[in-house]
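Welcome! Here is a short briefing to read alongside the sequence and the 3D view.

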Amino acid sequence: MDYKLYYWDIPFRGNFALLPMVEKGLKFEIIDASEIYPESGLSIVCPGIAPPYLYDCQTENYLNQMPAIMMYLGSKHKLLPKESKSKWEALKIILDCNDILYEITRYHGSKMWSKEDCEKFKTERFPLWLKQFEKLGSVGLDRTSGCFFEGKISVADLAVTALLGAIKWSFPELATYMKEHAPNVLRLVDRVEKRDRIKQFLKAQRKELGKAYCSGEIEDSLRTVIGA
Ligand SMILES: N[C@@H](CCC(=O)N[C@@H](CS)C(=O)NCC(=O)O)C(=O)O
């Protein structure tokens, strides 16, 4: 076993940690986050207050915070761009994705979705993020090929796939915004989702979890207004 990932039965932040492991054919186990959270989250070496937690079976260390986990896996398993500038841009893309997750959960469910707020997200904030990804991809991506950096798959491509692939699957009504504002990025996501190991993984995950996304009252509130 290479890694254990402590997370919930949802794709949301977990897939950001899982896709690098899947892409590289690493051996991992997904363990329900309740095994570690909240009781033991503070007593482990390198404590953290919320899942996902990654446990590296070789070094016997824990790490949490989704962007740190992605960068750790990227650096250990050759999924980071080589150039320094691109490495930092890859981190920036992962952080952008995490910011979008906060917007979607309305900062840990501090507020539920209203119809007006959802409309604003769909027509203003989400398109802004999408246009930004499309611009970032304009050097490396064309209609049929490419990656964000150096013509090679990296954590940046995997992060955007974990984000947009899961949203497209769970909320198909948002795909039209992706097509309109980030067409080449969406094609990248489709290509990454078709890579052998990732395709098998997503097929099994989607069969098991259905359309579940971030779960809880916040997902219920989003589903109530998203198509309205
Ligand atoms: N900044 C953290 C956010 C972690 C987070 O919000 N985790 C969610 C699941 S995606 C959770 O279970 N939160 C419980 C809590 O905040 O107590 C990260 O990026 O990993």
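The C-alpha centres of domain 1 and domain 2 lie 20 Å apart. Domain 1 covers residues 3-76 and domain 2 covers 84-226, with bounds that come from an automatic or database domain assignment. This is a predicted model: local features need pLDDT of at least 70, side-chain atom pairs count only at pLDDT 80 or more, and totals for chains, interfaces and linings use all residues. Residues are numbered from 1 along each chain as its sequence is written.

**Where the domains meet**
- Domain 1 brings 18 residues to the contact and domain 2 brings 23 residues (two residues are in contact if their C-beta atoms, placed from the backbone, lie within 7 Å).
- On the domain 1 side, α1 and α2 (66-76) each supply at least two residues; helices (H or I, at least four residues) and strands (E, at least two) are DSSP runs, numbered from the N terminus.
- The most comes from α1, with six residues.
- By class, this side of domain 1 has 12 nonpolar, three polar and three charged residues (Ala, Val, Leu, Ile, Met, Phe, Trp, Tyr, Cys and Pro count as nonpolar, Asp, Glu, Lys and Arg as charged, and the others, Gly among them, as polar).

**The sheet**
- Four strands form an open sheet in the order β2-β1-β3-β4, with mixed pairing; strands pair if DSSP finds at least two bridges between them.
- β2 (28-32) and β4 (61-64) each have a single partner strand, so one side of each is left without a neighbour in the sheet.
- Strand β1 (residues 3-7) pairs with β2 in the parallel sense over five bridges.
- Tyr3 has Phe28 in β2 as its bridge partner.
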